[in-house]
Amino acid sequence: MPSQIYDVIIIGAGPAGSYVAYELASSGHKVAVFEQKSAPGLDVCCTGIISTECFQSLGLGTETILTKISSAGFFSPSGRCLRLETEKNQAYVVNRFLLDKTIASKAESQGAQYFFSAAVTDIIPGKTNMQIEALCSGTREGFSTRAIVLANGYSPNFPHKLRLGKIRSFLVGAQSEVEAKNVDGFEVYFSQRIAPGGFAWLVPTSTHKAYAGLLATSQTKVHLQKFIKSLFDQGRIKSLEGEITQKLIPLGTLPRSYGDRLLVVGDAAGHVKPTTGGGIYFGHIGAKLAAKVLDEALRRDDLTAAQLSRYQKLWKEKLGRELSRGRWARWAYAKLTDRQIEGIFTALTCNGMAQSLLKSNDFSFDWHSRLILSILKHSSAYPLLKIRHVFLREAGL
């Protein structure tokens with residue numbers, strides 16, 4: 001029998017889950033958050049780059065900032081560098097442990113109850129409530145709730161059990177913290193040889209530390225090891241030592257992100273930028289919408305799928321076009337050869353095109369589809385013409 005009864009149980013204490021907990025607890029609902037790790041933000045495979053817009057929306061303090069980003073170097077397959085710089089900070093690299101801890105602490109301050117080292121092993125739907133079973137520090141316990149929010153990252157088990165469908169496409173991200181020198185700004189490396197279907201990065205986190213990582217379609221850890229070795233051989237980093245963490249990055253959304261007494265947010269719903277693999281901001285936007293819809297449903301005591309379906313309608317209005325166009329852009333990029341990627345670099349450097357786009361209204365750190373369309377429309381380079389034809393056709397433009 002359940003030992004506790006809640007209005008909402010949230011599975012996962014990442015930024016999206018904890019923000020839903022904060023909003024609902026602030027509205028007076030009895031909320032519990034279950035996290036299988038012993039604390040929020042532990043062993044997270046994430047670079048922690050967020051825009052200034054996202055930083056402000058999350059309400060974070062400056063103590064979470066590791067470095068500020070106002071410049072970036074983009075490297076072609078041949079090693080040619082396209083450096084872009086702005087007068088204002090465009091983004092921050094934040095400490096993911098402190099980010100997660102900060103949002104969880106805000107939720108706890110409003111009355112949300114957290115269960116750490118608590119792995120949810122089963123969800124049992126019911127007509128009048130939902131039940132979960134969890135291993136809390138090794139002890140199996142039952143809990144009852146009026147509604148559940150899945151915020152436990154990309155994992156097919158519960159969505160499959162609850163008949164929400166399946167996310168079928170994904171990339172794999174891998175990252176390691178390395179000792180570095182002379183890394184002044186964010187560096188991105190484009191090459192199918194270095195990162196098939198994706199890209200690699202080197203991001204400073206302090207004077208002598210940086211994250212080296214990449215996104216790829218397969219053998220991500222092997223490709224990262226080769227990338228780190230090349231940085232070491234160039235004298236960019238001081239050591240080959242460092243633990244590599246990996247993470248699945250969804251490249252699609254769940255067919256249904258709602259059900260009776262159920263919502264799905266963050267990576268679990270597929271709210272991730274297909275272009276970069278970043279999920280903090282889009283997950284945050286979805287979390288805000290989920291909290292709003294769930295608060296209204298709880299007050300009406302109408303937690304049916306019909307009532308909660310409004311959540312999917314709202315996030316599709318806000319994120320749907322960006323996610324769809326981003327997926328098609330990534331699909332088109334994955335089909336390019338290194339020679340074609342080199343051609344795109346040539347097109348972007350010709351007549352200051354990249355700098356012009358950086359200063360245009362189409363540039364946004366978070367919303368990439370307008371910039372992608374602008375690049376495709378303003379260049380006659382063959383590789384971009386090829387992408388434009390595929391992109392415009394498949395994206396329905």
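The legends below describe close-up views of a predicted model.

**View 1. Overall content of the predicted protein.** The secondary structure comes to 11 helices and 18 strands. Of the 397 residues in the protein, 55% are buried. Among contacts between residues at least 6 apart in sequence, 69% join residues at least 24 apart.

**View 2. Packing of helix α6 on helix α7.** Helix α6 covers residues 280-300 and helix α7 covers residues 305-334. Their axes lie 8 Å apart, at an angle of about 160°. Angles over 145 degrees count as roughly antiparallel, and α6 and α7 are therefore roughly antiparallel to each other. The crossing of α6 past α7 is right-handed. On the α6 side the contact is formed by F282, I285, G286, L289, A290, K292, V293, L294, E296, A297 and R300. On the α7 side it is formed by Q307, L308, R310, Y311, L314, W315, K318, L319, E322 and L323. Sorted by class, the residues of this contact are 13 nonpolar, two polar and six charged.

**View 3. Packing of helix α1 on helix α3.** Helix α1 (residues 15-26) and helix α3 (residues 96-109) have axes 8 Å apart and pack at an angle of about 20°. Angles under 35 degrees count as roughly parallel, and α1 and α3 are therefore roughly parallel to each other. Their crossing is left-handed. From α1, the contact takes in P15, S18, Y19, A21, Y22 and A25. From α3, it takes in R96, L99, D100, I103, A104, K106 and A107. Nine of the residues in the contact of α1 with α3 are nonpolar, one is polar and three are charged.

**View 4. Packing of helix α1 on helix α6.** The axes of α1 and α6 cross at roughly 35° and come within 9 Å. α1 passes α6 in a right-handed crossing. A16, Y19, V20, E23 and L24 of α1 meet G283, H284, A287, K288, A291, L294 and D295 of α6. This contact of α1 with α6 has seven nonpolar, two polar and three charged residues. Y19 also takes part in the contact of α1 with α3, and L294 in the contact of α6 with α7.

View 5. In soluble globular proteins, nonpolar side chains tend to be buried together. In this model the largest nonpolar core has 52 residues, and I10, I50 and L294 have the most contacts inside it. Helix α6 gives the most to this core, with 12 residues. Another core, of 25 residues, lies apart from it, and A134, F143, I148 and L150 are among its members.

**View 6. Surroundings of I50 and F365.** Leaving out residues up to four places away in sequence, I50 touches F55, L58, L60, A91, Y92, V94, L99, I280 and F365. F365 itself sits in the loop between α9 (353-359) and α10 (369-377). With residues up to four places away in sequence again left out, F365 touches I49, I50, S51, Q90, A91 and K273. F365 has a relative accessible area of 23% and is partly exposed. The C-alpha atoms of F365 and C54 are separated by 9.9 Å, although these residues are 311 residues apart along the chain.

View 7. Q219 lies in the loop between β15 (209-216) and α5, and T220 belongs to helix α5 (residues 220-233). Q219 is not a glycine, yet has a positive phi of about 45°. The relative accessible area of Q219 is 57%, and this residue is exposed. T220, at 3% relative accessibility, counts as buried. The contacts of T220 are with V172, G173, A174, L214 and Q246, not counting residues up to four places away in sequence.

**View 8. S117 in a loop between two strands.** S117 lies between β8 (113-115) and β9 (118-125). Phi of S117 is near 50°, a positive value in a residue other than glycine. S117 is partly exposed, with a relative accessible area of 29%.

**View 9. R83 in strand β6.** R83 is found in strand β6, which spans residues 81-85. At 41% relative accessibility, R83 counts as partly exposed. R83 and T349 are 9.8 Å apart in space, C-alpha to C-alpha, and 266 residues apart in sequence.

Terms used: Residues numbered from 1 in each chain as written. Predicted model: local features only at pLDDT ≥ 70, side-chain atom pairs only at ≥ 80, totals over all residues. Heavy atoms only, no water. Axes fitted to C-alpha atoms, helices over the stretch in contact; angles between N-to-C directions. Helix = DSSP H or I, 4+ residues; strand = E, 2+ residues; numbered from the N terminus. Parallel < 35°, antiparallel > 145°, perpendicular 65-115°, else oblique. Left-handed = near helix turned anticlockwise from the far one by under 90°. Contact = heavy atoms within 4.5 Å. Nonpolar A, V, L, I, M, F, W, Y, C, P; charged D, E, K, R; others polar. Core = buried A, V, L, I, M, F, W, Y, C linked by side-chain atoms within 4.5 Å. Buried < 20%, exposed > 50% of the residue type's maximum accessible area, 1.4 Å probe, protein only.
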